[in-house]
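Good morning, and thank you for making time for this item. May I ask you to keep the sequence and the model in view while I speak?

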Amino acid sequence: MKTLKVETKSFFQKLLEDKRAIRECIQKNGDLKKLAKERDIKFATPVSYRSDR
């Protein structure tokens with residue numbers, strides 16, 4: 001039986017990595033909803049796209 005090696009990260013380290021990923025996604029006009037789903041990021045307000053951008 002193999003044991004899975006799980007890397008533990010502190011809450012703040014994950015928060016900084018998520019923040020960096022969000023900023024990068026916005027700068028590259030990426031899919032923010034997809035990024036949030038992949039990284040399990042919860043936003044306080046719903047993510048929607050503005051039509052004037």
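I shall go through the helices, the core, the salt bridges and the surface.

A word on the basis of what follows. This is a predicted model, in which local features need pLDDT of at least 70 and side-chain atom pairs count only at pLDDT 80 or more, while totals for chains, interfaces and linings use all residues. Residues are numbered from 1 along each chain as its sequence is written, and side-chain values use heavy atoms, with hydrogens and water left out.

Let me begin with the helices. Helix 1 covers residues 11-27, and helix 2 covers residues 32-39. Helices here are DSSP runs of H or I with at least four residues, numbered from the N terminus.

I turn to the core. The largest nonpolar core has seven residues: Ala21, Ile22, Cys25, Leu32, Leu35, Ala36 and Ile41. Helix 1 and helix 2 are the elements that give two or more residues to this core. By nonpolar core I mean a set of buried Ala, Val, Leu, Ile, Met, Phe, Trp, Tyr and Cys residues joined through side-chain atoms within 4.5 Å. Buried means under 20% relative accessible area, exposed means over 50%, and partly exposed is in between, with a 1.4 Å probe and protein chains only.

Which residues does leucine 35 touch, leaving aside those up to four places away in sequence? They are Ala21, Ile22, Cys25 and Ile41, where contact means heavy atoms within 4.5 Å.

Next, the charged pairs. How many salt bridges does the structure hold? There are four, a salt bridge being a side-chain nitrogen of Lys or Arg within 4 Å of a carboxyl oxygen of Asp or Glu.

Please find aspartate 18, which is buried, with a relative accessible area of 9%. Lysine 14 forms a salt bridge with aspartate 18, and their closest N and O atoms are 2.7 Å apart. Both residues lie in helix 1, four residues apart, which is about one turn of the helix. Lysine 14 is partly exposed, at 34% relative accessibility.

Aspartate 18 also meets the side chain of arginine 39 in a salt bridge, at 2.8 Å from N to O. Arginine 39 lies in helix 2 and aspartate 18 in helix 1, so the pair ties together parts that are 21 residues apart in sequence. Arginine 39 is partly exposed, with a relative accessible area of 28%.

Another salt bridge joins the side chains of glutamate 24 and lysine 28, at 3.7 Å from N to O. Glutamate 24 is partly exposed at 39%, whereas lysine 28 is exposed at 63% relative accessibility. Through shared partners, salt bridges join Lys14, Asp18 and Arg39 into one network.

Two backbone positions also call for comment. Asparagine 29 is not a glycine, yet its phi is positive, at about 55 degrees. Asparagine 29 sits in the loop between helix 1 and helix 2 and is exposed, with a relative accessible area of 71%. Aspartate 40, likewise a residue other than glycine, has a positive phi near 55 degrees. Aspartate 40 is in the segment after helix 2 and counts as exposed, at 53% relative accessibility.

Finally, I come back to helix 1, where phenylalanine 12 is found. Is phenylalanine 12 buried or exposed? Phenylalanine 12 is exposed, with a relative accessible area of 61%.
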